Amino acid sequence: MNIPAHSRDLIYTDWTLIEPHFDPKQLRARETVFTIGNGYLGTRGSFEEGYPQALPATLMRGVYDDAPVIYTELANCPDWLSLVVIVNGERFRLDRGTILHYERQLDLRHGLLKRSVRWRSPNGETLDLQFERFASLADRPVLGLRCQITPIDFNGTIEVQSSLNGYPENQDFEHWEQLGQGKLEQGIWLQVRTRRSHIELGMAAKIAVIGTNASFQVANPPGYPSLTATFVVTKGQTISVEKVVTVFTSQETEMPVQAAQTKLAALSSYALLLEAHQQAWDAVWQHSDIEIEGDRTAQLAVRYNLFQLFISASSHHDRVSIPAKTLSGFGYRGHIFWDTEIFMLPFFTLTQPAIARNLLTYRYHTLEGARRKAAHRGYQGAMFAWESAATGDEVTPKTSIPTDPYAEAVRIWVRDREIHLSADIAYAVWHYWQATGDDDWLRDYGAEIILDTALFWMSRLEWNPKQDRYELCGVIGADEYHEQVNNNAFTNRMVQWHLEKAVAVYDWLQHRFPVGEASQNENHATALAQKLQLTSEHRLSWQAMIAKLYIPYDVETGLIEQFEGFFQLQDIDLNDYEPRDRSIQAVLGIDETNQRQVLKQPDVLMLLYLMRDTQAVHDHPDTLQKNWDYYAHRTDSTYGSSLTPAIHAILAANLGAPADAYQQFMRAAMVDLEDNRGNTEDGIHAASAGGVWQAVVFGFGGIQLKDSGPVATPQLPPTWTRLKFKLHWRGIWHNFDLAPSLPQASDSHNPDIQGFIFDLDGVLTNTAEFHYRAWQQLADEENLPFDRQANEALRGVARRDSLLLIVGDRSYSEAQLQEMMERKNRYYVESIQTITPQDLLPGAVALLDELRQAGIKIAIGSASKNAKTVIEKLGIADRVDAIADGDSVTRPKPDPDVFLYAAKQLGLEPAHCVVVEDATVGIEAAIAAGMWAIGLGPRDRVGAAHIVLPNLMGIHWTALQSKLDRLSDGNGMAVHLLAEQH
Ligand code: BGC
Ligand code: BGC
């Protein structure tokens, strides 16, 4: 789209995520971010008016259809959003006319997505548009969309064309055949069916226009029924167009299109539907909310992740589970991984147990598929599919087909070798049972899952007579960088644990439902034993296997070897490859990575996390620290797997390093909000979202689940003043309201930082644009060649030197130069009068406040002569103790004078000051002043700084402090707190 980019970052309030500008470059990632849903379906945040580059999608739980290579995928369902507003013949689009105001908001508390736009059409007519949409949580087949239109400066005719799109695509693939369509009173309907899985879908929609009389007209082009409302508007009048949609599939009812029409006819008003929806959300948050005080970014991010998890889980259906990318994108095609059981499930088990039960029952219903997979591979029992969909048959693609026509296809081994999944599912089943005491479910569903997969392990384990032990060879562990290994500690121990629980469940069934005592149909132990052909012999074998299953653990060093031979592989120092924007596997290639001691994601550490409540881990309390020290920094935690940061956060918190934990935690919490891996457009990182919940509860809350109930040992991140959440444990709600542990007795930090000096432009705010426009106007008037690119060279450069750069060889008298500087300044001063607190860059205020709270003095050190005005307009004058600006000193940056002047004003020694700068000359000046330097921006610009950050978003004083501590211990090399943004 050819629209000027107003790229700005998101704004976070306690409950609302705000996108203050429209940035076409982020169109698809933001469609993911603004996904709404209700567990029945998810709808990406695509715009109602439609754009060629957009990836609109509505994905419904369980609506899979066959597709080449990937076997099956969630079919993109008919698009219910389409709503086109035509103003006096001119169609509203963000890439035409002028956007005078834009704001999009996701209200997490009430599951409501809103957009407000003030738009001037190419004809010069201005109007306000307020969009709002929701997927009803109170009544799941119901969707609501409203558009309020207010003409600001014209009278005229408006047409609103509202459609159902029966030709939605899955990235070029079409899943639907059209069965029918038609019109209703002020409404339309559509009936379609998936081509291969034959799932029928019926959708119906009606429109109400409120505030004026409208005429309606239906058009029925094939697959695209449309209803157009036309009305006359006068200046200042607000008209509401309400579109209400119903949708059913043949998975719920035999005649979905009739059901959709009947439901639609019976619906109450938009306002009442919305109210019921909001009440349903209130009930969700009553149990599942997490409150954080002292850190608004984390507060919003945590709620955001929980929101996305919640809207992808079905509370009404037990034949579906949550795909790795939820219902928010096409990544992994709607397939289901261990992500659900290991990463997402604890949130549900402990705050929404009915949903957890549904998710696990899905695995029960897919046991037949798991049995087919085991039989196909020559094993007994049930072997769950690495990637699963409707039936439980293996749907991991066999190869990944490169787009380059001459490249070789890459074999995907995980489908054959990543076998730990069956034990992961057993793990989740057991923990659900422990947390809920749901004996009926264990008896009727869970036991069969645990026992039939135990039968699979029995046939999969290999006896090694030479070593007198059981082994598992040729596997892939949790870490997928090593594609064929023997005796992976994670897999072996998970299997051993699984067999232990299989014995326990077997005994429990015998004990609770003994033969002869129960009535025939209650005699589950016997019935299940017969079904699975299970005997006490099996139980004996399991015990033997438990006793002799090999776990590569060295008692001397306390180290667990990830798999046999791992310690012999070539070592790696990941720092040698920084900075990078892709995985180490992408850098080194698959084969080379296989040969190195580098991990895609935690493996031994994942195991220690999952086994945290077992005796063996309790008996060796330093095992975690030792293995952490070995494995954490060999893990590709930035671009390897998004599953890593949350787990590292938990372990770091448990090891008593909350500042480090916090950094990892924020990486997980912001993965989609900041698109920090660059693939948010594919869908929400759901495992990471579940990991975020676990990091708060098990990491910072330090929750341990004991028989007597959950117990907290909080390790709050330094800025958090309060943490509240609830856990449901064995029928009782436990409320946690945690405060930070007492401040550490000795608070001695190495570099004793007492002051921060901030550059203004590009650091706290962006007046660069105003400067640029003023220079551009001057250059145009003088006929001097100048553009945005040339402007880059002026970053941080004082006014006179900037002018000289623009002027180049052209000769001017001193008087002329003076006049030009004044003229530019006049243009600039005029424009900065429009600055407001909104113009503060994200993260700035939060950091200023934290620094003040920590007793640190704050100064501004800017080359600008208008710094005072800008600071006042930004509303931060009362947060600043001193200002050093272009009038304070004569020699500009890179001379250190401006910073030295600021330090003097603060009454501080240079060595106790930190400078935050975005310009090369500014970093030079800070270092020349003998101060610590934090550079914001790319390394080629600010790489000389001690710490390099993309910007101030999510940056906390404590995190900076621990970095500075470490730097002053070491050699003062530049470090990267966060990877650079793209
Ligand atoms: C990870 C797996 C994960 C999958 C789906 C892969 O990159 O290595 O552990 O299950 O993504 O999220
Ligand atoms: C993931 C595997 C997944 C495969 C195919 C890989 O990138 O790491 O876990 O099964 O893609 O979808």
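Which residues are around ligand 1? They are A324, Y332, F337, W338, D339, W386, E480, K600, Q601 and L643, where a residue counts as near if one of its heavy atoms lies within 4 Å of the molecule.

This is a predicted model, in which local features need pLDDT of at least 70, side-chain atom pairs count only at pLDDT 80 or more, and totals for chains, interfaces and linings use all residues. Residues are numbered from 1 along each chain as its sequence is written, chains are lettered from A and ligands numbered from 1 in the order in which they are written, and side-chain values use heavy atoms, with hydrogens and water left out.

**Ligand 1**
- The side chain of D339 places an N or O atom 2.5 Å from an oxygen atom of ligand 1, and for W338 the distance is 2.9 Å (a polar contact is a pair of N or O atoms within 3.5 Å).
- On its own, ligand 1 has 310 Å² of accessible area, and the protein covers 91% of it (Shrake-Rupley method, 1.4 Å probe).

**Ligand 2**
- Around ligand 2 we find Y332, F337, W386, E387, T396, P397, I412, V414, E480 and K600.
- An N or O atom in the side chain of E387 is 2.4 Å from an oxygen atom of ligand 2.
- W386 has a polar side-chain atom 3.0 Å from a ligand 2 oxygen, and K600 has one at 3.0 Å as well.
- The protein buries 75% of the 310 Å² that ligand 2 exposes when taken alone.

**Aromatic rings**
- There are 43 aromatic pairs in the structure (ring centres of Phe, Tyr or the six-membered ring of Trp within 6.5 Å; planes under 30 degrees apart are stacked, over 60 edge-to-face, the rest tilted).
- W430 and W433 have ring centres 5.2 Å apart and planes at 75 degrees, so they form an edge-to-face pair.
- Both of these residues, W430 and W433, lie in helix α9 (residues 421–436), three residues apart, about one turn of the helix.
- Both W430 and W433 are buried (under 20% relative accessible area; exposed is over 50%, partly exposed in between, with a 1.4 Å probe and protein chains only).
- A cluster of ring pairs links Y332, F337, W338, F343, W386 and F490.

**Charges over rings**
- R411 lies over the face of W413, 4.1 Å from the ring centre (CZ of Arg or NZ of Lys within 6 Å of the centre and within 35 degrees of the ring normal).
- R612 has its charged end over the ring of F698, 4.5 Å from the centre.

Terms used: Polar contact = N/O pair within 3.5 Å; in protein donor to acceptor, adjacent residues only side chain to side chain. Helix = DSSP H or I, 4+ residues; strand = E, 2+ residues; numbered from the N terminus.
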